[in-house]
Structure formats: C-alpha cells, structure tokens
Amino acid sequence: MLELSDVHTYYGASHVLQGVTLAVGPGEIVTILGRNGMGKTTLIRSIIGFTPPRRGRVGFKGDDVTRWPPFRMVERGMALVPQGRRVFASLTVRENLEVARQSRTGRWTLPRVFELFPSLGNRARNRANKLSGGEQQMLAIGRALMTDPDLLLMDEPTEGLAPLLVREVGRVIAGLKRDGLSILLVEQNLPLALAVADRVHILSRGQIVHSSGPADLMANEAVKSRYLGVA
Ligand SMILES: Nc1ncnc2c1ncn2[C@@H]1O[C@H](COP(=O)(O)OP(=O)(O)OP(=O)(O)O)[C@@H](O)[C@H]1O
Ligand SMILES: [Mg+2]
C-alpha cells in the first residue's frame, strides 16, 4: 500500500528526515511514535506531498508518487487527518464533509459518516467552531473518509482529548481497520498506539531508531524510557 525508502526531507538547510524506510501493507495499522519535534509531522508531509522529500522514494499502490502534489495523492486514495484537526471553522459539519467528498467508489457517504459518528449527525447544521474538541476530531476523521481513501494518514488524532474520547478514537480506528483500511498512525498516546498497531516504529531526530511489534515494545523498558520518556 505504502512504501518509503531512504526518505530525506529538508526545511531549507535543515535536514529533518534522515533516511526513513518503512512500509504499510494492505489492511495494516503502522504506528509512528516519538517525542515532540522528532519529525513525525514532517514524515506525514513528505508522504502526502506538502513537503516532498529531497531524496528517496515514496511508493503508493504500485506507483512512484514521490513529489506528486497532494491533490493527486487524494485522487489516488490517500487521505490525511492533520495534527490539530484543521476543520473549516466557519463551515457547518455537513459542509465540511461535503467539500471533501469524492465518489471514487461510493463507499463513504454522508449517512455512513453520520452512522459512524452519531453526534456529528445531530450537529450537521452547526458550524465546526461550535463543536467540542472531540467532535472536531471526529469531523476531521469523517472529512478524510469522505475522500474514500485506501490509506489514511492520521497525525496525533488523540492530542488534547480527554481519556474517554481517546478510547473512542481508538475504537473508531480499530473499526476502520476491520473495514480493510490501511492506516499510518502518528500517536504519542502509548497505550492506544500499542492497542491498535500491527507494527510500531519510533522516530528520533529524523531517523527510525526502533521497529517491532507492539508486544515487544511494551516489554522493552529501555527503549521506552530512552525514546519515549516512559518510566
Ligand atoms: N515549516 C518548518 N520550517 C522549518 N522547520 C520546521 C518546520 N516544521 C517543523 N520544523 C522543524 O522540524 C523538526 C521536526 O518537526 P515535526 O513537526 O515534524 O515534529 P513532530 O515529531 O511532528 O513534533 P510534534 O510531536 O510536536 O508534533 C523540528 O525541529 C521542527 O522545529
Ligand atoms: Mg507533529
């Protein structure tokens, strides 16, 4: 589904991603962990094309998509749930969903999003800036689903949410996986990341410093304390 090989990304002279290689298979959830400023969002930006890699290759569904513009990536079946949600504040819930709509396969429709997130259905005519943080997160996920993706990129979807809502986001992610979606999940909530992931990578200063299954990371106190600051 997604294959990165030796990806190097810069902001000007600043060399942020320093040779990242990873893959997400069909139907898989791969989680990227790492402290603040380690390059997680830059990785997402490199994949979807906001900040294309200067060196290395991004492959998606059999195509070399390195340096494709974001709109083409979305047309090809990649969707982004950005860090900080970034919903359109002055648009209603329904409008936020409708502007994203692509009917590539017709899998995702407004009624289906409202079935997944009933509270959004109840607030369809409300402006997005009137929603709670949790509802805005659900809207950001719903908006991404309306583009009918095969691969979902999620950048810290539980950031700033109360524990109950963190669990709700986890339940939604697990449900999307059961539907066959592939997901690259950036997450700082370790229990959630470990609960949903098939494989985990830790990013530190723009390099992958640990890769394993979730159970191996859970048991690895040295790696957790060194790279994630978990006691
Ligand atoms: N637009 C930019 N221009 C220059 N430097 C940037 C830019 N965006 C990020 N950086 C720098 O690149 C590095 C990686 O940032 P990035 O946002 O990818 O980290 P992150 O792992 O997503 O952090 P967080 O957990 O806080 O979201 C940081 O040193 C950051 O200051
Ligand atoms: Mg980030």
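**View 1. A sheet of six strands.** This open sheet runs in the order β6-β7-β8-β3-β9-β10, with mixed pairing. Strands here are DSSP runs (E, at least two residues), numbered from the N terminus, and two of them pair if DSSP finds at least two bridges between them. At the edges sit β6 (78-81) and β10 (207-212), each pairing on one side only. From one strand to the next, the twist averages 20°; angles run from 0 to 180 degrees between N-to-C directions, with axes as lines fitted to C-alpha atoms, for helices over the stretch in contact. This is a predicted model: local features need pLDDT of at least 70 and side-chain atom pairs count only at pLDDT 80 or more, while totals for chains, interfaces and linings use all residues. Residues are numbered from 1 along each chain as its sequence is written, and chains are lettered from A and ligands numbered from 1 in the order in which they are written.

**View 2. Inside the sheet, β3 beside β9.** Four bridges pair β3 (residues 29-33) with β9 (residues 199-204) in the parallel sense. Look for I32, which stands opposite H201 in β9.

**View 3. Helices across the sheet.** Helices are DSSP runs too (H or I, at least four residues). Helix α1 (residues 40-48) lies across β3, β6, β7 (151-155), β8 (182-186) and β9, at about 150° to β7. Contact means C-beta atoms, placed from the backbone, within 7 Å.

**View 4. G59 and its partners.** Strand β4 (residues 55-60) runs antiparallel to β1 (residues 2-11), joined by five bridges, and G59 in β4 stands opposite E3. In β5, the bridge partner of G59 is D64. Two residues separate β4 and β5 in their hairpin, where K61 in the turn has a positive phi of about 50°.

Note on methods: Contact = placed C-beta atoms within 7 Å.
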